[in-house]
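Please read the following report alongside the sequence and the model. It moves from an annotated residue to the sheet around it and then to the aromatic side chains.

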Amino acid sequence: MAGRPPSNPVKKVPIHLQSSQNRLLIKGGKIVNADGMSDGDIFIEDGSIKEIGRNLIIPGGTRTIDARGKMILPGGIDPHTHLQLPFMGTKSVDDFYTGTKAAIAGGTTMIIDFVIPAKGESLIEAYHKWRGWAEDQVCCDYSFHVAVTWWSEQVKAEMETLVKDHGVNSFKMFMAYKDVFMVRDNELYEIFEHCKKIGAVAQVHAENGDIIAENAKKMVSAGITGPEGHEMSRPEDVEAEATHRACVLASQVNCPLYVVHVMSKSAGNVIAEKRQQGCVVYGEPIAASLATDGTNYWNESWRHAAAHVLSPPLRPDPTTPGHLMDLLARDDLQLTATDNCTFTHEQKKFGCNDFRNIPNGVNGLEDRMSLVWEKGVQDGKMDPCRFVAVTSTTAAKIFNMYPKKGAVAMGSDADLVIWDPRKTRTISAKTHHHATDNNIFEGMTCHGVAEYVICNGRVCVDEGQVKVLQGFGNYVAREPYAPFVYDSVKERDARKSTTMKPVQRSGFDGEMVSKAQAGIQNMKISTNEAPAASPQMAPNDLHLQNNNVEEGSRTPSGVRNQQESTFSIAGGESNANPSGNANPTGNAKPTGNTSPGSPSTKRPSVKLHAPPGGFSSGLW
């Protein structure tokens, strides 16, 4: 497209760095892709994979890495990070340098971060601001999603510009953070429509912001101000309800939907059910929801509890991580991320007297690969191919970077991990590469270690030693209409087109009724005369009409008007005077004949202005 930067622009790197690792041979490893495993050697030159096979003829001066007994995987892709994010009166401490350095240390070779404009801020200006923060800091390749935090014709136009000129093909909406980032259902519907029109993937943070705001006030009023109040104000149902609502809204316009940070069993089950119904929806559990739980909020140490605060929160049900891993293993959930948004203890202390002021966010970038291997592969829930799919390949396909990213294949970018499945590592804030002083996975021991990590052909982790180069990463522009996503959308559109057809009829086969007759229930009629029987009306029907039912509540065919109440404001069905007006005393006295069917037993007439319950003003 015109004005579009190349999908993987060449960054100007000093010549001595290019020549020192221009060629690389990885020999003797087990190549693992999402669709299978094979033995072979890999020759890398100029940042891409040139050849795969056995007994390769390679130029002199090529560095060789012995990968015997190890696996060669596509580099991890983390599609959900927040580096140096301005949030809740502070800024996340992992910037684009420390964050991508930590990512590489754990085997992740690309991130997709989020541009989050303030309400009223231009999406284009926010995008350029985030690009400026990242460009000279990133150690690995990166890209951006853009959040839609307000809705207008300007935003609509800027979304199109971001797709056409800046390689953005995904937009995120918040259903939480009321009065800050949250958008309403009618806006969501329009945004989903527009995302589909421009070939983008719609993402949602699924929580009911209105309920959360009210619950949080109740918690504080009840004296619950600690980190446990965060989870108690955002219960599992609140996440599941919003997830279901987002799926329903997106399904109406057949917009592909991506639910970020799935944190609960209920929300995961909603996504699984909607996928079975044919909805184009993807679910993203994160390292935190797969490896720890919300019992930490009740820890006696405020510091420990506050370190785990993120939104949606971790769930106190300790079976949640295992359940989400089961869903992930069988493709009911599709890929993993981290929602990496780190804050120090001093920053978390902003909420020491009120959990609503604790900056939301946890770590995960460095530990995701090892945690998913431990909880998934090591525990026997998935094989190495599925591990590659959920940590790399599926993200590359959804966001239209495959097979340049997410695959070990000829022509793919040389973003690779040489993985030792037998080696173990123990996670600790003392040894991690993040800028924060806490780690929610503290003390966990994991199998699976990235012994070598290669980014764009450059060895950035060498026998466990991290050797990153600041500013080395490239911005990756992404085309719209990702085939992995939009092929399913097209199929669903085609199915709908075959079912959404009117019924062909020969004509109207009943008695025509005038508009005036059809609206007869709006007329106020008061008469003492019983209606005459018609040939179509049975005697019992006539008796029912005479028995305390005014003429205005019936259609010409004698069918009871379902909007007419049988309740009388006069205190009883027979308590009405002959004029049809209620007795001012409240005790209506019968006059004359009060036998059943007598005109004097009529209820007072009530003119109906609106249906029971009033008119609906919402989207539904």
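A residue is called buried under 20% relative accessible area, exposed over 50%, and partly exposed in between, with a 1.4 Å probe and protein chains only. This is a predicted model, in which local features need pLDDT of at least 70 and side-chain atom pairs count only at pLDDT 80 or more, while totals for chains, interfaces and linings use all residues. Residues are numbered from 1 along each chain as its sequence is written, and side-chain values use heavy atoms, with hydrogens and water left out.

**The annotated lysine**

K172 counts as buried because its relative accessibility is 1%. An unreviewed UniProt entry lists K172 as "modified residue: N6-carboxylysine"; UniProt positions follow the numbering used here, feature names are shortened, and annotations may be inferred rather than shown by experiment. K172 belongs to strand β11 (residues 170–174), where helices (H or I, at least four residues) and strands (E, at least two) are DSSP runs numbered from the N terminus. Apart from neighbours within four places in sequence, K172 is in contact with H80, H82, F114, V146, A147, V148, Q203, H205 and V260, contact meaning heavy atoms within 4.5 Å.

**The sheet**

Seven strands form an open sheet with parallel pairing, in the order β6-β9-β10-β11-β12-β13-β14; two strands pair if DSSP finds at least two bridges between them. The edge strands, each pairing on one side only, are β6 (76–81) and β14 (281–285). Four bridges join β6 to the parallel strand β9 (residues 108–115), and G76 stands opposite T108 in β9.

**Aromatic side chains**

The structure holds 18 aromatic pairs, counted when ring centres of Phe, Tyr and Trp (its six-membered ring) lie within 6.5 Å, with planes under 30 degrees apart called stacked, over 60 edge-to-face and the rest tilted. Two of these pairs are set out here.

| Pair | Centre to centre | Angle between planes | Class |
|---|---|---|---|
| W130 and W133 | 4.7 Å | 50 degrees | tilted |
| Y142 and F144 | 5.6 Å | 80 degrees | edge-to-face |

W130 and W133 are separated by about one helical turn, because they are three residues apart in helix α3 (residues 123–135). W130 is buried at 2% relative accessible area, whereas W133, at 21% relative accessibility, is partly exposed. Y142 is buried with a relative accessible area of 0%, and F144 is likewise buried at 0%. One aromatic cluster is formed by F96, Y127, Y142, F144 and Y475.
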